[in-house]
Amino acid sequence: MRRTLSALGVAGALLATAVAVPTMAASAEPAADRSASRASDRPLVIGHRGASGYRPEHTLEAYRLAIRMGADFVEPDLVSTKDGVLVARHENEISGTTDVSAHPEFATRKATKTIDGVAVTGWFTEDFTLAELKTLRAKERLPQVRVTNTAFDGRFEVPTLQEVIDLARNEGRARGRTIGIYPETKHPTYFASIGLALEEPLVTVLRANKLTRKNSPVIVQSFETANLRKLNRMIDVRLAQLLDAAGRPYDFTVAGDARTYQDLASAAGLKWIAGYADGIGANKNLIVPRDAAGKLLAPTNVVRDAHREGLIVHAWTFRVENQFLPVDFRIGTDPNARGDITSEYELFFRLGLDGVFSDQPDTAVAARASLA
Ligand code: G3P
Ligand code: CA
């Protein structure tokens, strides 16, 4: 079912007050001028894994800080526990973001598995009940880059999706504004293959929270396509097709579909996506590519072409550290020092981007405030 962008309000909201949401209907410009227009009044700021530039990612404290910094949405990546509970982790292998390796009682659970065609060794959420997972504590993924964040290692739990929703609701209520959630289903083909499909528990949680409508403050995202098309038949929340700069959706690999993410980012590909999704979440490099040295090249037509199909366009991931910025916006030679991320936001906002996933949402909020 094709969704229209004019109905992206907040009924059934986590809170009663309105959040700025994209509405293509607001644009009165001729199509030829839309390359630099936005589908919304102002770009959304999405706390990527929470305010993960300041706290260990995917913890309630990271999400809470993102909200306090002004993020409109917070982003939980979702994987499943052994007992089918959705929890917030970027991947199902959790040794990089928890202290699981320091728990001798779980030593025998270390395993090597093939996830999306890649051999991965470590500890996996699907081998832990929620109760067991709750005995672990989160740690900083990038301790060499974000040294100060390591002060929070060992302090925070792995949250469930329900806990993230509760946090968004409570923090939003306290601040008198709607906080959206932007869940991403991670490795959906893999989880379905082990009998722990993500879509049913996701829909169950969203239904229990009355968050299944088109105008609910929820956007569900995935790098795969089949599960988004499945969700499109199950609920009416907005869906965003994630597009990387290289490779292809893993469900395409399994199905023998030769299309790549680059193909999906073409005008024809975006038209196909618009048949089941409301937007795209694009790797920044699909919108403004970089050369081999990391310098910015000319923007592509992705924003314009997506808007022509009625798709909102969000991009990831905005991070302040020099090593993540294009050469053009780096300051000094320390890869971990802060660069000129404001100029990067301004570049993308000028291109008509509808939202940014940011590890440091305070910087995105500040850049948005300076928009004319
Ligand atoms: O979902 C947007 C962005 O988060 C995709 O990349 O790897 O951080 O989940 P990743
Ligand atoms: Ca994500």
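## Pocket lining

In this predicted model, the lining of the largest pocket has 9 nonpolar, 5 polar and 7 charged residues. Charged means Asp, Glu, Lys and Arg; nonpolar means Ala, Val, Leu, Ile, Met, Phe, Trp, Tyr, Cys and Pro; the others, Gly among them, are polar. A pocket is an open set of 1 Å grid points where a 1.4 Å probe fits, with protein on both sides within 12 Å along at least five of seven lines; lining residues have an atom within 4 Å of a point.

Strands β6 (118–122) and β8 (184–185) each give this lining at least two residues. The second largest pocket is lined by 15 residues. Nearest its centre lie His48, His90, Lys186, Phe223 and Trp316. Its lining counts 4 nonpolar, 4 polar and 7 charged residues.

## Salt bridges

The structure holds 27 salt bridges (Lys or Arg side-chain nitrogen within 4 Å of an Asp or Glu carboxyl oxygen). Arg141 pairs with Glu57, with the closest N and O atoms 2.7 Å apart. These partners are 84 residues apart, Arg141 in the loop between α2 (130–133) and α3 (161–175), Glu57 in the loop between β1 (44–48) and α1 (60–68). Arg141 is partly exposed at 26% relative accessible area. Glu57 is buried at 6% (buried is under 20%, exposed over 50%, partly exposed in between; 1.4 Å probe).

Arg141 also bridges to Glu91, again 2.7 Å from N to O. Glu91 sits in the loop between β4 (86–88) and β5 (111–115), so this pair ties together parts 50 residues apart in sequence.

Glu163 and Lys134 meet at 2.8 Å, N to O. Glu163 is in helix α3 and Lys134 in the loop between α2 and α3, so parts 29 residues apart are tied together. Glu163 is partly exposed, at 27%. Lys134 is buried, at 17%. Shared partners join Arg49, Glu57, Glu91 and Arg141 into one salt-bridge network.

## Basis

Helices (H or I, at least four residues) and strands (E, at least two) are DSSP runs. Residues are numbered from 1 along each chain as written, and chains are lettered from A and ligands numbered from 1 in written order. Local features need pLDDT of at least 70 and side-chain atom pairs 80 or more, while totals for chains, interfaces and linings use all residues; side-chain values use heavy atoms, without hydrogens and water.
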